Amino acid sequence: MTHTATTQQAVVADALSATGALWFWSLTNVTANAGHGSPLSDQTNAAHRIDSDYRQPVSSVTCVPASVTNKTDSRHVVFPIFPYEEQSNANIQTVSSRDRTRQYKVIEHPTFMYSQLLDITGDVESYRLKWVELPPDKFNYSSIGLAILPPVSRSESASQTVVFCNIAASWGQSALEIETSGSGMGIAKSVVDDGKPTRARRHIGENQIPDAESWAANLGPSPIIILEDWARYLDPFIEELNATVFNVLMDSSNRTDPDRYLVSGVLSMLITNGLARTAWGSNLQGNVRVKGPNGHGPVDGDYWLANKGDVFQVDPVESRNWTSFVVESSLEGYAYNTLTVSPRIAIAIMMVYCLLVLGHTFYSGITGISSNCWDTIAEVTALAINSTPTAALRNTCAGISELHVFKLPVRILVSRDEEGEGEHLELVFGKIDDESAKARTIKPNTTYGTLPKGYIGEGKKDV
């Protein structure tokens with residue numbers, strides 16, 4: 001069984017958390033003109049993400065059980081290899097346990113012998129660990145090996161069950177995201193991609209086995225080589241509990257047998273946690289730009305959001321070899337924009353309308369001529385009914401089927417009444433010569449629409 005674990009680099013996650021906190025304090029200290037307060041204080045929910053050139057540790061562990069009976073056992077210790085490995089020098093080992101038989105691909109260690117296992121010091125009633133460096137020429141995807149001696153009673157210490165584990169650790173290409181809700185920090189999320197460009201692409205996580213293609217494509221050409229001296233620091237002794245970290249984690253499961261699934265899970269977490277805490281003492285450097293004098297006061301949010309410069313003020317000489325993070329900040333909210341075609345067309349129509357209104361306003365202001373007539377559809381309809389029929393609108397009684405009808409020019413001109421000497425206005429379609437149009441032009445301050453005798457009521461007097 002192979003168990004895989006991954007987690008964020010602690011120092012990078014801490015830096016991103018600090019950036020998220022600064023973002024909150026910056027938004028709450030962005031001021032508006034004319035004393036309108038802090039307009040962005042209600043937009044402090046944010047997501048902070050590192051999505052390029054970021055790697056986090058990934059560890060895979062596979063284990064196989066075995067046993068040793070005495071110190072004269074001259075066999076070479078064998079370590080399992082991972083299911084995705086294709087090794088020509090691997091052997092098949094059959095192990096029976098719990099009425100089940102399993103086969104493992106294993107490779108012999110060139111120097112480590114079974115007889116050396118019983119020489120491992122420590123309390124035999126506790127788990128004892130022996131880290132074993134694996135030669136890269138034999139174990140292509142291995143970082144380090146581990147021999148685990150489970151607890152036995154002192155009377156049975158002559159024979160010993162043992163678990164051999166192969167550990168592969170690497171830095172996987174990942175993306176780290178931390179969400180903030182107000183001033184509180186949310187859950188950090190990150191995934192390590194397996195590097196496959198197909199629909200079968202997936203993220204490597206707990207209990208998922210990366211294959212050889214994944215190691216080569218996204219987890220590096222080869223795993224990290226872990227030295228025995230560094231590995232010992234992963235299992236410190238806790239004086240308050242009178243036990244090592246590995247013993248505490250194994251005892252918390254209440255298992256009496258060395259379950260290889262549990263062993264591989266604990267080991268993958270220990271290795272990953274150790275790698276994630278690399279350079280754990282590092283932190284953000286420089287002085288944050290504030291609004292007050294002498295480095296005191298709130299964070300200068302106006303300076304940050306206006307993109308005037310670096311919110312961290314650092315010495316260029318001291319920071320020459322520092323690892324830098326470039327933070328790209330953006331706010332999301334409701335706003336007018338011209339990114340699509342629809343708003344651009346709408347803006348163009350509005351501009352044309354505004355030009356027409358402005359033109360009419362200037363014309364009316366300069367000439368003094370304006371009109372309060374035909375304000376409604378009903379008034380235009382009445383004007384049309386009172387107009388003389390024209391041949392230009394022939395064959396339109398039951399509908400209009402040709403576009404040229406709508407292209408006809410139309411004017412409102414004066415027409416003399418058939419009875420009496422009055423005049424009224426009517427719609428005139430089609431072309432008309434300039435002389436006739438000039439003679440029939442509407443004159444300001446003139447009453448039109450006088451009806452002949454015999455009509456009941458009076459029409460509206462259009463001026």
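Buried means under 20% relative accessible area, exposed means over 50%, and partly exposed is anything in between, using a 1.4 Å probe and protein chains only. With that in hand, let's look at some close-ups. This is a predicted model, in which local features need pLDDT of at least 70, side-chain atom pairs count only at pLDDT 80 or more, and totals for chains, interfaces and linings use all residues. Residues are numbered from 1 along each chain as its sequence is written, and side-chain values use heavy atoms, leaving out hydrogens and water.

**View 1. Phe79 and Phe139 form an edge-to-face pair.**
A pair of aromatic rings is described by the distance of the centres and the angle of the planes. Rings of Phe, Tyr and Trp (its six-membered ring) pair if their centres lie within 6.5 Å; planes under 30 degrees apart count as stacked, over 60 as edge-to-face and the rest as tilted. By this rule the model has four aromatic pairs. In one of them, the ring centres of Phe79 and Phe139 are 6.4 Å apart and the planes meet at 85 degrees, so the pair is edge-to-face. The partners come from distant parts of the chain, 60 residues apart: Phe79 is in strand β4 (residues 76–80), and Phe139 is in the loop between β7 (128–132) and β8 (144–149). Strands (E, at least two residues) and helices (H or I, at least four) are DSSP runs, numbered from the N terminus. Is Phe79 buried or exposed? Phe79 has a relative accessible area of 0%, so it is buried. Phe139 is buried too, with a value of 0%.

**View 2. Phe79 also pairs with Phe164.**
Here the ring centres are 5.6 Å apart and the planes stand at 65 degrees, so Phe79 and Phe164 are edge-to-face. Phe164 lies in strand β9 (residues 160–181) and Phe79 in strand β4, so the pair ties together parts 85 residues apart in sequence. Both Phe79 and Phe164 are buried.

**View 3. Tyr114 belongs to a ring cluster and has a charge over its ring.**
Ring pairs join Tyr114 with Phe79, Phe139 and Phe164 in a cluster. The charged end of Arg75 sits over the Tyr114 ring, 3.9 Å from its centre. A charge counts as sitting over a ring if NZ of Lys or CZ of Arg is within 6 Å of the ring centre and within 35 degrees of the ring normal.

**View 4. Asn242 has a positive phi.**
Most residues other than glycine have a negative phi. Asn242, although not a glycine, has a phi of about 55 degrees. Asn242 lies in the loop between β12 (237–238) and β13 (243–244), and its relative accessibility is 61%, so it counts as exposed.
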